[in-house]
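Hi everyone, thanks for coming. Please have a look at the model on the screen, and then I'll walk you through two parts of it.

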Amino acid sequence: MRIHNTLTNRVEKFTPIHKDTVNMYVCGPTVYNYIHIGNARPVIFFDVVRRYFEHKGYTVNFVSNFTDIDDKIITKALADETDEMTIANKFIKAFYRDMERVGSSTKYLAPRVTEYMSSIISYIEKLLEKGYAYEVDGEVFFRVDKVADYGILSGRRKEELIEGARISIDEKKENPLDFTLWKKTDAGITFPAPWGEGRPGWHTECVAMIQDIFGGKIDIHGGGSELMFPHHENEIAQNRAFAEHHIANYWMHNGQLMIDDKKMSKSEGRIILVKDLDQDYMGFRLFTLSNHYRSPLEYTDEILKSHVNQWEKIKRTYSQTFYQLDLADRLDSKPFIDNHLKRINQKFMAALDSDFNTANALSELYNLMKYANQKLRQRDTYPEMRGALEVFDTFFRILGLRPEVQRLTQNDRAIYTAWTAARKNKEFDKADRLREKLLERGIL
RNA sequence: GGUCCCGUAGCCAAGUGGCUAAGGCAAUGGACUGCAACUCCGUGAUCACCGGUUCGAAUCCGGUCGGGACCUCCA
């Protein structure tokens, strides 16, 4: 298996730290609003990563946090005349709902920053002890200059960053690049710390939680490419100071979702919330998997629509195969995987082995559709159809796509038999009525 | 201003040195069908442009044009 590692900017062979186990962490949302379709990209992509590792037989310890304390949450709480926890709880619930909608599993560890305050504080204390952090007037900053390879992830040099001139000058900082570990504040919820009441800076929560939960280095750290700098760069810097390693062996970043060739932006009204998508969410999932995860993904209504159509076709082929086997009492028969199916399956896996090339994997799903549709029109192909169903199930499990089918009821079978008989007897009015019923149930 | 990425058919998109440039959507011709739907078979590309390296370039190098991201606690 090969994975693109942002740390080295290369595609590398994947070797886990602990045999048969993958420890991975993905940066989760700040819960102050409903998520938009751009937020859904990592939610879907890393879900597929997890599923594929599990398919390969790994035990995956998947962790993704909730930032439940933040200025934006406080602002939102003030606007809604409520408190931060109410806001956070509301949008965490909404987040899970949206994850379920797009077909991503919610069964993983999701630590909340407020539950890990003591870990964060002791992490900062250790940075102070080691001389990588300094306290000024109740605030704590990280001393970027002490980390030799700062910029390793984002490919920047400290000098370039300073020349950038877009960094606001804070009198308290020794160096404009230094970032906040602990912020002194009296707005909203505050927490007691040795340096006074305040809140942790954004960059510390992830490393402190990883340290607490995994006890050290993990295999994969993931997130959106916009987090590479400064967030992930600062995580690495802190952990270099804390434990002399880069937290994760592999850093994976997904590209951003664009609308009208530009990044989504609330202020410019270019934003679509997942809950407002008003489309088949499996079609949306298919859309996000239709190009390489590291490339930008362009959204238009037309592109989404074409994937929604495509999902309809996939469902139709799958359910046809399922129902034809059911009608023939062959659902529980042994699948026959011929060479053609074997090859489709191999190419599908090879695509995912190659840095999770879901676009290529999908084209094998389309080959599988063609195969199944051909077998559906031929006589005496139940073993092959059963084989196709088997491969479909595997692909769907890995991609997290879910067509809904249920075994036929006695009534369904009766309608089907009656329909066949009516056609045979050229009772077309009756046949059409029955056909209508079968179409409604998705059996035809 | 600095750093980086991208430009493949009407649309989406894979491929990053070597057979006739995957696949999908849309369009269109045919087959199947009681009619239809579905499905199947077929039909489409001077790989943004110019120059270079090479036996050979969509792929590597240089330039031009166009688009985008990051340098801001934006997913």
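Helix 9 gives the most to the lining of the second largest pocket, namely seven residues. This is a predicted model, where local features need pLDDT of at least 70, side-chain atom pairs count only at pLDDT 80 or more, and totals for chains, interfaces and linings use all residues. Residues are numbered from 1 along each chain as written, chains are lettered from A and ligands numbered from 1 in written order, and side-chain values use heavy atoms, without hydrogens and water.

Helices here are DSSP runs of H or I, at least four residues, numbered from the N terminus. Helix 9 (301-327) and helix 8 (281-288) each supply at least two lining residues.

The pocket has a volume of about 460 Å³. A pocket is an open set of points on a 1 Å grid over the protein atoms alone, where a 1.4 Å probe fits, with protein on both sides within 12 Å along at least five of seven lines; lining residues have an atom within 4 Å of a point. The volume is the space filled by probe spheres set on the points, joined across faces, edges and corners. Of the 23 lining residues, Lys 315, Ser 319, Glu 404, Arg 441 and Gly 442 are the closest to the centre.

Now for the helix pair. Helix 11 (residues 358-376) packs against helix 12 (residues 382-399) at about 155 degrees, with axes 10 Å apart. That makes the two roughly antiparallel (angles over 145 degrees, on a scale from 0 to 180 between N-to-C directions, with axes fitted to C-alpha atoms over the stretch in contact).

Notes:
Parallel < 35°, antiparallel > 145°, perpendicular 65-115°, else oblique.
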